[in-house]
Amino acid sequence: MSGFASRADEFRPSPVRAVFEVARDPSVVSLAGGNPDLSVLPADAVGDVASLLLRGRAGEILQYGSGAGMDGLRELVVKLMARGGSTVTGADILPTTGSQAGLDLVTKLFCNPGDVILAEGPTYVGALGVFGAYEVEVQHVAMDHDGMQPEAVARALDDLAAQGRRVPFVYAIPSFQNPTGVTMPEERRRELVAVCAQRDVMIVEDDPYALLAFDRSEPVASMHGMDPEHVIHLGSFSKIFAPGLRVGWMAAPPEVRGRLQIAAESVVIHPSNLAQSLVTSWVGSEHWEPALDQAVELYKERWEAMNEALTEFMPETASWTTPTGGFFTWVTAEEIRGKDILAEAIAHGVVLVPGSASYMDGRDSNAVRLAFSGVAPARIREGVRRLGEALRNL
């Protein structure tokens, strides 16, 4: 069909979603999807909360609501963000239909076609779809074992400024990064914030995994708490409660937050009152923290199972990151470069995300992303074993 806008070519299937049909085959082991394990949720207790909400407040929560979101949810987010060192008020918070919607809003508000966004290399696949839809260029900044390198960001920003190129923001996933699992230490976060503040460039901090540290006694410091004037924070309840509810949030300076709300209202009118109310009641209850502790312990055990399997089954050329939380590890092996690793993996009965999908230009990569969060240890071991066979067959 003719008549599409020029940006229509940027609406391409997600490399993660594209393998879902294959992953539904019970004979295939999926190490592709970064899903929370909802088996730890006490379903009866969640059901009771939902039932009480509908019996007592149906007239309110099933009606139209405010584009600013519900007061209770915003106050809950204030408390959650305080764990990372952010001092915010409810007026600074904008609930969103998942943090993906927040990323879309901030890109819509800040970016013109032809602008340049700096992002980690590799970065979150879903972010690349958003950036492409708004016709912006993504320049990837090298990562090491501590994440995005501030000195590389500084050089890139200065080079682009010298070329007369506009950089609306730097996009970073600092905690248990998707796709690598790497976490940026606090000192490096401060260095990155300083680099951007000195050049008056915003940071978009996409931080849905911050509360999923395997050692939950040490809260992860938020860049937003270091400089709320130069950092827009994106958060999500998808990883710490339930992704099907599609509830996330943004924290931004007041003048930015107001414009973001207007932009959101033009698309969704307001986020779901029912979903916001259920999140507020559950995450604000005595049940949430124990369930989250249990989930994180499960993810830690699954990472340990994956690490053991990688050690046993990967070729000597392979290496991988060692996450201290979150859902992912990043496996590199020279056998992968120049090969269709996804097709070979599927032929061996395992699904994963190829590293090339995590770059805007789809560049050749010698890596794959493996997710361990939603897979039982025995299946993890079998999936990694199959991946080892696939690598040896390349």
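**Notebook: contacts in a predicted model**

I began with helix H13 (residues 377-393), where Arg385 and Glu389 both lie, four residues apart, about one turn of the helix. The model I am reading is a predicted one. I looked up the contact between these two side chains and found a salt bridge, with the closest N and O atoms 2.6 Å apart. I then checked accessibility: Arg385 has 29% and counts as partly exposed, and Glu389, at 37%, is partly exposed as well.

**Entry: salt bridges**

I asked how many salt bridges the structure holds. The count comes to 17.

I next took up helix H2 (residues 43-61), which contains both Glu60 and Arg57. They are three residues apart, about one turn of the helix. Their side chains meet in a salt bridge, at 3.0 Å from N to O. I noted a relative accessible area of 43% for Glu60, which is partly exposed. For Arg57 I noted 31%, again partly exposed.

I then turned to Glu289 and Arg216, whose side chains form a salt bridge of 2.9 Å, N to O. I looked up where each residue sits, and this pair links distant parts of the chain. Glu289 belongs to helix H11 (residues 288-313), while Arg216 is in the loop between strand S7 (202-206) and helix H8 (223-226). Glu289 is partly exposed, with a relative accessible area of 25%. Arg216 is partly exposed too, with 24%.

**Entry: aromatic pairs**

I recorded nine aromatic pairs in the structure. Among them is the pair of Phe237 and Trp249, which is tilted, with 5.0 Å centre to centre and 55° between the planes. I traced Phe237 to the loop between strand S8 (231-236) and strand S9 (248-251), and Trp249 to strand S9, so the pair ties together parts that are twelve residues apart in sequence.

I then examined Phe241 and Trp282, an aromatic pair that is stacked. Their centres are 5.9 Å apart and the angle between the planes is 20°. I placed Phe241 in the loop between S8 and S9, and Trp282 in helix H10 (residues 273-283). The two residues are 41 apart in the chain, and the pair links distant parts of it. Phe241 is buried, with a relative accessible area of 4%. Trp282 has 0% relative accessibility and counts as buried.

I also looked for rings joined into a cluster, and found that ring pairs link Tyr209, Tyr299, Phe327 and Phe328 in this way.

**Entry: an open sheet**

I followed an open sheet of four strands, with antiparallel pairing and the order S10-S11-S14-S13. Which strands stand at the edges? I noted strand S10 (319-320) and strand S13 (353-354), each of which pairs on one side only.

I then looked at how S13 meets strand S14 (residues 367-371): the two pair in the antiparallel sense over two bridges. I also noted that Pro354 stands opposite Val368, which is in S14.

**Entry: cysteines**

I searched for disulfides and the count came to zero. I looked up Cys111, which is in no disulfide; the nearest cysteine sulfur is that of Cys196, 14 Å away. At 8% relative accessibility, Cys111 counts as buried. For Cys196, also in no disulfide, the nearest cysteine sulfur is that of Cys111. I noted a relative accessible area of 0% for Cys196, which is buried.

Technical notes. Residues are numbered from 1 along each chain as its sequence is written. This is a predicted model: local features need pLDDT of at least 70, side-chain atom pairs count only at pLDDT 80 or more; totals for chains, interfaces and linings use all residues. Side-chain values use heavy atoms; hydrogens and water are left out. Rings of Phe, Tyr and Trp (its six-membered ring) pair if their centres lie within 6.5 Å; planes under 30 degrees apart count as stacked, over 60 as edge-to-face and the rest as tilted. Buried means under 20% relative accessible area, exposed over 50%, partly exposed in between (1.4 Å probe, protein chains only). Two strands pair if DSSP finds at least two bridges between them. A salt bridge is a side-chain nitrogen of Lys or Arg within 4 Å of a carboxyl oxygen of Asp or Glu. A disulfide is a pair of cysteine sulfur atoms within 2.5 Å.
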